[in-house]
Amino acid sequence: MRLVEIYEGTLFECQMIKNLLDNEGIESNLKDEIMGTRGGNVWRQAGGVKIVITDDNYEKAKTIISEFEKSRND
């Protein structure tokens with residue numbers, strides 16, 4: 001198993017997705033969480049908060065994230 005970054009976004013988005021993944025039994029961690037709370041240009045230059053999972057959960061997690069993104073756009 002190896003760790004992969006599967007999503008990058010705001011702290012709020014990543015926390016919501018992390019909860020969805022947890023509810024489906026997919027362990028995930030947030031990366032750069034502190035940087036994501038800073039806001040403004042510093043956040044944009046440094047990148048956002050990232051969600052990290054193990055590669056064996058990639059396909060299932062990608063489906064969950066796609067559904068999350070679709071629901072935000074509806």
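Modeller: Start with L21. At 0% relative accessibility, L21 counts as buried. Buried means under 20% relative accessible area, exposed means over 50%, and partly exposed lies in between, using a 1.4 Å probe and protein chains only. The model is predicted, so local features need pLDDT of at least 70 and side-chain atom pairs count only at pLDDT 80 or more, while totals for chains, interfaces and linings use all residues. Residues are numbered from 1 along each chain as its sequence is written, and side-chain values use heavy atoms, with hydrogens and water left out.

L21 sits in helix α1. Helices are DSSP runs of H or I with at least four residues, strands are runs of E with at least two, and numbering goes from the N terminus. What does L21 touch, leaving aside neighbours within four places in sequence? Its contacts are I26, S28, I51, I53, A61 and I64. Contact means heavy atoms within 4.5 Å. Take I64. It is 43 residues from L21 along the chain, yet their C-alpha atoms are separated by 7.2 Å.

That pair leads to a helix packing. Two packed helices are described by the angle between their axes and the distance between the axes. Helix α1 (residues 11-23) and helix α4 (residues 58-73) pack at about 130°, with axes 10 Å apart. The axes are lines fitted to C-alpha atoms, for helices over the stretch in contact, and the angles run from 0 to 180 degrees between N-to-C directions. So α1 and α4 are oblique to each other. Under 35 degrees counts as roughly parallel, over 145 as roughly antiparallel, 65 to 115 as roughly perpendicular, and the rest as oblique. The crossing of α1 past α4 is right-handed. On the α1 side, the contact uses E13, M16, I17, L20 and L21. On the α4 side, it uses A61, I64, I65, F68 and R72.

S28 lies in the loop between α1 and β2 (29-31). Is S28 buried or exposed? It is buried, at 2% relative accessibility. Beyond four places in sequence, S28 touches K18, L21, D22, I51, V52 and I53.

The next stop is strand β3, residues 49-54, which holds K50. K50 is buried, because its relative accessible area is 10%. Its side chain makes a polar contact of 2.9 Å with the side chain of D32. A polar contact is a pair of N or O atoms within 3.5 Å; within protein, one must be able to donate a hydrogen and the other to accept it, and residues adjacent in sequence count only if both atoms are side-chain atoms. The backbone oxygen of G48 also lies 3.1 Å from a polar atom of the K50 side chain. Outside four places in sequence, the residues that K50 touches include E5, Y7, C14 and N29.

D32 is in the loop between β2 and α2 (33-36). It counts as partly exposed, at 33%. Most residues other than glycine have a negative phi. D32 is not a glycine, but its phi is positive, about 65°.

Last, the whole chain. It has 4 helices and 3 strands, in the order β-α-β-α-α-β-α. Of its 74 residues, 32% count as buried.

Technical notes: Left-handed = near helix turned anticlockwise from the far one by under 90°.
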